[in-house]
Structure formats: structure tokens, C-alpha cells
Amino acid sequence: MISVALVHGGIKPLFFSWRLYHSIASRPTPPVTLEEVDDRELQEQLQRVITAETRDAIMEASGSLCLLGCSAGLRSLDEKEYFTQQALRAYVEGRTHKALEQFVDGMNAMCLAEKIRSHIEELEPLFVGGPKALQLQDLLDLFSVSFAEPGSNRHRAQNQTVMFWNDWLIEVDEGTRPVTLEQILVFVSVLNSIPPLGFPRRPTIEFLQCDDGSRKLYPEANTCEVTLRLPIHQTYDSFVLYMESGLIQAPTFGFL
């Protein structure tokens, strides 16, 4: 399901741990920490082994450690760190090894695990780090602008509108406006985040300029083509007023 979702432009599976991602890529993983053990009793036993000054704590943990395939027979307390790390790896990585193999087989249904091994750094942002909020630069870089012929009155009006648009996005990002960057993207595309592989074609900004001299005050969007049509206004305040009014009046645009 993860492979198919990514290949078809679905959401990013941003819930992978760094260890899981690098295990899929067949890369070495760092020492396991106690925090990665979700069994509270085992975690406490291993903590006592780490801080032990006698063999008593090791004997107390012997039952759990034997289940992990770790012998409790240490020759000296100097070996306790190595011994504990082996137990941690056995719990976090060893006992899940078969499940990981099945998971990788599923990922390879669309050759995804193979691509991760080949492009581990480039693909990591798709899997690791948790959900990330839409950034100002994401929207500034997202659109290509369809300008009229340079030097024309239309081009001058469009250029001013793009400056209004950029200034407005900065204010939205700063949290001083009643709308969010995500609301703007939803209005244009029905999505509140940019697909991991991008849109099928680059989103476009067009302008609402009528040949008969009439004016359109509010923004429009074609969500199928991911096209935003900006209204032409003489002042920044007027542009912002109608942009925000249009977005706020269409809070569920594109949703069923």
C-alpha cells in the first residue's frame, strides 16, 4: 500500500523511524538506546544491568535475556555494556527481522525498497521526520506565471499583481492574516500538502483580465489543472480583501 501510494502521488509515509529506514536500505544502524525498548519491565532490567556494581542485577534479568538469546553468564562486569547492547539489538532488531523481510518484500512490489537503497539520502525526506507544515517557499516556488507580452499594459498590471501575491503570502506565513498557506493550497488543488512526487504538471498562475473591460474581483481556481487565477486590483489592500474573502467563503472547496 505504501509503494502504490507513493508511486501514484499519494501522501508521504512520514512515520518511519531512522532505524527502520536505514534497515530497509541495508545500511549499518547506530547502537540501540534504552528509549527504543517499549517493554517497560525489560527497559528497567537493562537499566539496572547498565548501572550494576554486582552480578545480582544481571541474575534478575537472566530470564528475559535468555528469551532474547543472550546468555546471562558474564565473565566480568566489564562486559556489561557489550552484553546490554546485544540484548537491545536482539529486542529491537533481532525479533523483528522476519517482519522486516516481509515488509521489504511488499515495498519491492513497486521496486521501492530497491530505489531506497540506490537513493537513500534523496528519498529519506519522504519517510522520516514526521509531517512538516507547508512552508512559504514551497508556495513561492510552486507556480509558473503565465504573463502577457512584456511591455504591454496587461503585463504591467500582472506584474503588480504578482508582487501583491508575494507580499500577501509573506503576511499569511507570518500569521497576521485570517487564512493559512494550507487553505490557499486547498483552494487551488484540493490538497493541503504538496504530493511527494509533485503535481503531474506544474501549477500555474493566470490572471482574470476580461477583454470587454469588465472586472472579476475574486480569485478562481481550476483544481483539475491546479491553476490559480488572480484578480487584478489597483491597490494591495483591495487585492488582499477579495483574496481572503474568496478563500474564507469557500472553506470546503473541492471536498465532498
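Which residue takes a positive phi just after α12? V190 does, with a phi of about 75°. The model is predicted: local features need pLDDT of at least 70, side-chain atom pairs count only at pLDDT 80 or more, and totals for chains, interfaces and linings use all residues. Residues are numbered from 1 along each chain as its sequence is written, and side-chain values use heavy atoms, with hydrogens and water left out.

The secondary structure comprises 13 helices and four strands. Both are DSSP runs numbered from the N terminus: helices are H or I with at least four residues, strands are E with at least two. The protein has 256 residues, and 37% of them count as buried. Buried means under 20% relative accessible area, exposed means over 50%, and partly exposed lies in between (1.4 Å probe, protein chains only). Among contacts with a separation of 6 or more, 63% involve residues 24 or more positions apart. A contact requires heavy atoms within 4.5 Å.

The four strands form an open sheet. Their order is β1-β2-β4-β3, and the pairing is mixed. β1 and β3 are the edge strands, each pairing on one side only. Two strands are taken to pair if DSSP finds at least two bridges between them. Strands of a sheet pair through backbone hydrogen bonds, either parallel or antiparallel.

β1 spans residues 144-145 and pairs with β2 in the parallel sense over two bridges. V145 has I205 as its bridge partner in β2. β2 covers residues 204-208, and four of its five residues are buried. Five bridges link β2 to β4 (residues 227-231), again in the parallel sense. Along this pairing, T204 stands opposite T227, and E206 has R229 as its bridge partner. β4 is largely enclosed by the rest of the structure, because four of its five residues are buried.

β3 and β4 run antiparallel and are joined by three bridges. A221 of this pairing stands opposite L228 in β4. The two strands form a hairpin with four residues between them. In the turn, V226 has a positive phi of about 55°.

Helix α12 (residues 181-189) is mostly covered, with seven of its nine residues buried. These are L181, I184, L185, V186, F187, V188 and S189. An α-helix has 3.6 residues a turn, so residues three or four places apart point the same way. The cover over the buried residues of α12 includes both helices and strands. Helices α10 (136-142), α11 (153-173) and α13 (236-248) contribute to it, as do β3 (220-222) and β4.

A pocket is an open set of points where a 1.4 Å probe fits, with protein on both sides within 12 Å along at least five of seven lines; a cavity is a set from which the probe cannot get out. Lining residues have an atom within 4 Å of a point. Grid points are joined across faces, edges and corners, and a volume is the space filled by probe spheres set on the points.

The largest pocket holds about 410 Å³ of space. Its lining has 15 residues, with K12, L14, K132, S193 and I194 nearest the centre. Eight of the lining residues are nonpolar, three polar and four charged. Here Ala, Val, Leu, Ile, Met, Phe, Trp, Tyr, Cys and Pro count as nonpolar, Asp, Glu, Lys and Arg as charged, and the others, Gly among them, as polar.

The second largest pocket has a volume of about 350 Å³. Of its 19 lining residues, R19, L20, V92, E93 and T96 are the closest to its centre. α2 (18-24), α6 (80-94) and α7 (97-107) each supply at least two residues of this lining. By class, the lining has six nonpolar, seven polar and six charged residues.

The structure holds zero disulfides, where a disulfide is a pair of cysteine sulfur atoms within 2.5 Å. C111 is partly exposed, at a relative accessible area of 37%. C224 is exposed, at 73%.

How values were computed: 1 Å grid on protein atoms, 1.4 Å probe; cavity = no way out; pocket = protein on both sides within 12 Å on 5 of 7 lines; lining within 4 Å.
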